[in-house]
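I've got a few local details to walk through, so let me put the model up.

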Amino acid sequence: MTTIGKPLDRVDGDVKTTGAAKFAAEPFPPGLTHAVLVHATISRGRITALYTDEASAVSGVVAVLTHLNAPSLKPAPRPRLLNFAMWLSGTSVNYLQSDEVHWEGQPIAVVVAETSAAAREAAALVRAEYTVTKAVVDFEGSEHDARPQTNNLIFPRGAKKGDAEAALKAAPVALDLRYTTPPQNHNALELHATTANWDGDRLTVHDATQSIDWFRTHLATRFGVPMTNVRVLAPFVGGAFGGKFAIWPGTILAALAARATSRPVRLVLSREAVYRTVGGRTPSIQRVALGADRDGRLTSLVHTSVTRDGRTGGPSEQVTSASQHLYAAENILARHDLATLDLLPNTFMRAPGEAIGTFALESAIDELAYELGMDPIELRMRNETAVDPVDGKRKFSHRRLPELYGLGAELFGWHDRNPEPRSTRDGRWLVGTGVATAFHPALTLPANVTVRLSADGSVLVRCGFQEMGMGGATVQAQITADALDVPFDTVRVEYGDSALPMGPTAGGSPQTASVAAGVVQACEELKQTLKSMARKTGGGSNEEILRRAKVPHIEAIVGSETRLGRIAGRARFIPPFLLGNQRWVKASSGVQFCEVRVDAETGETRVSRWVGVFDIGRVVNAKTAASQMRGGIVMGLAMAEETLVDPRTGRIMNPSLSEYHIPVHADIPPIDVSFLDDPDPTAPLGILGAGEVGVTGVGAAVANAVYHATGKRVRDLPITLDKLL
């Protein structure tokens, strides 16, 4: 029997649609209290006075915690290469341990009360006085103070081949362009929430996290308890997209408040508090310079970026990643620079780096195509490469861009268009089409798995991975059913609990492939055990073998008690990218075709049609994979979002969904998604990874279509009415 590839319904569909699924804000341990944060109103300085008497007098208030009375907390650990849990500090601030303020919105107090209403009322009564230190909060004004990004295996600072600047000057055709993208904030449907409870020195945390195991390690470190004393549960997460990858103040302070009060504490961030205490996507200033001969072959590709980090942390962004892999330029220069500001550190946001980097790169390729009078697809195909463009040696494990463009152009009707800008109208609407390449690296991470076969024919898979809407339990059940040749509905998957075997984080699209590798290996071990038992018992079905052997179940364990950095058990696996010895360039890829309509009089822009064709290796579930890609494309269309930061004070000026505009259903066109469904021979089960690749290339496809419709090139996101009139 074969279930892999089928569009099966999600196994968690019923509990989610009926409301039976329980999220982080829904447990009700006895004695539950509620916590609310109080935020600093300056960008940098020190607290000189705190007034909490009025807050403490509110009926139902249990405690008002500040740096003057909070329990001690160990500092955030420094990042270490082979211990990702140390990368999880959203910031390096040791909350409520000193009077120092590092960004506008930093929590300076936590109010704990019997009800959430009392906690909110009391929090509004806490007042603070400060001495203010000069702060740097203007990103554009800090461009020239940016410094080269520190180099490491996770976030390389860039790449160089030949002399790209000299080749640019000598090129027969050259473009030197500047693009910008704005800061953006996470707005997952589920607010960040934590329910924390201490039993002596044992901590149980229900949290909306996408990094269960790494959260456990981090919390144990911060609170000075053994890792085995911490349990993190996240059976359901209502959207994360990178915003719930790191540990932000709400999680730490909920656990701190629970320890201080000896009561269970629930802390649910308000939407505004998410903006003020959870990082978002960095803004960027990018230079893309292209040199080519008259036939369109690239002689020079320069892609540099300036992004921001916070003075208290924040990850770098691999903005030029796609530029180092997509085109066979003779000379390449890629560089990342960082401007350090006194703002809440930015964090991962779906397809970090590639989402904003492909906007600039793929817009510039489109501009070069028009400069040469060449079809944008033809220009890309003339610069297609079989090996890594930078080192000229490593091959791609899987690269099907010509097939993707061929299929996508046919499905979209690309070659039927008039390539002349502003040449197509439908009444008052100017109609344009655009195209761009999608690209996202494929990663794998360690995963521990157990697979148990019982005498009644049922199969139990256990792994502490995350389910955030991707359909993870469904696809792992499909993989298990095929590996053991059992019916799909006999397989049950347990996940979302740090008490289970260690699962990988759900960040960077590695989870399905990583868990699948463990599942397949565990199933193979289980089958070998069954064969051995069959020889002793006379054969038969799996159930008969177990009954004859009088064994209720057999269990295969892969990587038991295995942890990154402390490898033990039956499986030893560290992803090659961590060891710096990647033999292949591994990536998911795709093509994005877009049609837009722009009102010739008002500049109103509507995306009216979309076709995406993707190579994500083997497609395990056609329905959930297509859903992932549509979700990625929608998030790519959300590149129109913009966080407005006051360049004088560092305060976010639109921290709510009434002022921060996200795409709604009326903004989204029909999205046609197709796959090559061609397994990568070097990947577990041929799986490369879905979701994030769908975000990449979207911003450029829209901008290119807008240019085709209007003849106006927009290089600064978001594309707004004033830029088209």
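So, leaving aside its neighbours within four places in sequence, which residues is Ser509 in contact with? With Leu443, Leu688, Gly689, Ala690 and Glu692. Keep in mind that this is a predicted model. As for where we are, Ser509 sits in the loop between strand 21 (491-494) and helix 12 (511-537). Ser509 counts as buried because its relative accessible area is 18%, and the cut-off is under 20%. One of those contacts, Ala690, has its backbone oxygen 3.0 Å from a polar atom of the Ser509 side chain.

Next, helix 10, residues 401-412. It has 12 residues and runs 16 Å from first C-alpha to last, close to the 16 Å you'd expect at 1.5 Å a residue. Which of its residues are buried? Those are Leu401, Leu404, Tyr405, Gly408, Ala409 and Phe412. They span an arc of only 120° around the axis, so they end up on the same side of helix 10. Remember, an α-helix has 3.6 residues a turn, so residues three or four places apart point the same way. And the cover over the buried residues of helix 10? That includes helix 8 (354-372), helix 9 (376-382), strand 18 (429-441), strand 23 (587-599) and strand 24 (605-615).

Last, the cysteines. A search of the whole structure turns up 0 disulfides. Take Cys523: the nearest cysteine sulfur, from Cys463, is 12 Å away. Cys523 is buried, at 0% relative accessible area, and Cys594 is buried at 0% too.

Note on methods: Residues numbered from 1 in each chain as written. Predicted model: local features only at pLDDT ≥ 70, side-chain atom pairs only at ≥ 80, totals over all residues. Heavy atoms only, no water. Helix = DSSP H or I, 4+ residues; strand = E, 2+ residues; numbered from the N terminus. Buried < 20%, exposed > 50% of the residue type's maximum accessible area, 1.4 Å probe, protein only. Polar contact = N/O pair within 3.5 Å; in protein donor to acceptor, adjacent residues only side chain to side chain. Contact = heavy atoms within 4.5 Å. Disulfide = S-S within 2.5 Å. Expected span 1.5 Å × (residues − 1). Arc of directions from axis to C-beta.
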